[in-house]
Amino acid sequence: MLLAIDIGNTNVVVALFAADDDVTRTAAVLHEWRISTDARRTGDEYASFLAMMFRSAGVDTARIENVVVSSVVPALVGTFVSVARGITGKKPLLVGKDLYPLLPVTFPPPAEHELGADLLCNAVEAWCRFRKAAIVVDFGTALTFTTIDQFGAVQGVAIAPGLGTAIRSLSANTAQLPLVELKAPPTSLGANTVECIQAGVILGYKGLVEYMIARTKADLCARTGVAAADIHVVATGGLNSVLQPIVDCFEDFDRELTLQGLRRVALFAAQRDVRA
């Protein structure tokens, strides 16, 4: 089995994939767990959580052959490397810039282009899966737009505060505005505080997402000559379901896209190790 650990700002996602070295296809996730991200937790605490989850699911850790770790929280990288080695006895592969030459996506000049580990996984998965220009919209703590062209080159990224981040920030920085459910209101004409916030944030983000996709398509067409109709748009991330019912600019919704990309990154790296 492959153990994939995706350390995000809000959650640490832990997934197990069946042993399968076919990098050309997606694979079923055998188990998936989420732990709230907290840099103050010790490695022992995280190890205890993982051990409990594995035990509850009947997972034999001796069958874990490889471990891959992606992180956007630098303070937790060393923690999870130690935790993974302690549980599995395996040295984890870390997703980072040193893996760029091993992957099927490329980066146009300037050479200092660098992606967050999660965005790199999104780009790899989108290119491997669709083999065409694509925009990956990831609804997480941050709302990100990762764009690859028709040749598999990562052309750029746009980042905005995520839906949950916007709601929490509004409540934390005002005296009378509460936290509200992330739910689209029936109208933009809010009749009470909850509906007013939902109208501003949820419907506002609908406009943000639709505009950014249209603008990104236009910019990519101007830069590379690709036709707008040939750009695939896919949504991922835990909060993509909030806007899914009220936008029509996505061809695909896949909550597991980042995890699948993390698996593919690990397989590409393993193939290069074998060839070496």
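Reader: Are W33 and F54 buried or exposed?

Author: Both W33 and F54 are buried, where buried means under 20% relative accessible area, exposed over 50% and partly exposed in between, with a 1.4 Å probe and protein chains only. This is a predicted model, in which local features need pLDDT of at least 70 and side-chain atom pairs count only at pLDDT 80 or more, while totals for chains, interfaces and linings use all residues. Residues are numbered from 1 along each chain as its sequence is written, and side-chain values use heavy atoms, with hydrogens and water left out.

Reader: Why is the pair of W33 and F54 called edge-to-face?

Author: Rings of Phe, Tyr and Trp (its six-membered ring) pair if their centres lie within 6.5 Å, and planes under 30 degrees apart count as stacked, over 60 as edge-to-face and the rest as tilted. The centres of W33 and F54 are 5.3 Å apart and their planes stand at 65°, so the pair is edge-to-face. Since W33 belongs to strand β3 and F54 to helix α1, the pair ties together parts that are 21 residues apart in sequence. Helices (H or I, at least four residues) and strands (E, at least two) are DSSP runs, numbered from the N terminus.

Reader: What makes F250 count as buried, and how is F253 classed?

Author: F250 has 12% relative accessibility and therefore counts as buried, whereas F253, with a relative accessible area of 31%, is partly exposed. These residues, F250 and F253, also form an edge-to-face aromatic pair, with 5.2 Å from centre to centre and 70° between the planes.

Reader: Why does R40 count as exposed, and where does R40 lie?

Author: The relative accessibility of R40 is 73%, which is why R40 counts as exposed. R40 sits in the loop between β3 (29-36) and α1 (43-57).

Reader: What makes β8 and β10 edge strands?

Author: The open sheet of 5 strands has the order β8-β7-β6-β9-β10, with mixed pairing, and two strands pair if DSSP finds at least two bridges between them. β8 (154-161) and β10 (252-253) each have a single partner strand, so one side of each is left without a neighbour in the sheet.

Reader: How do you know that β6 and β7 pair, and in which sense?

Author: Strand β6 (residues 134-139) and strand β7 (residues 142-148) are joined over 6 bridges in the antiparallel sense, and V137 stands opposite F145 in β7.
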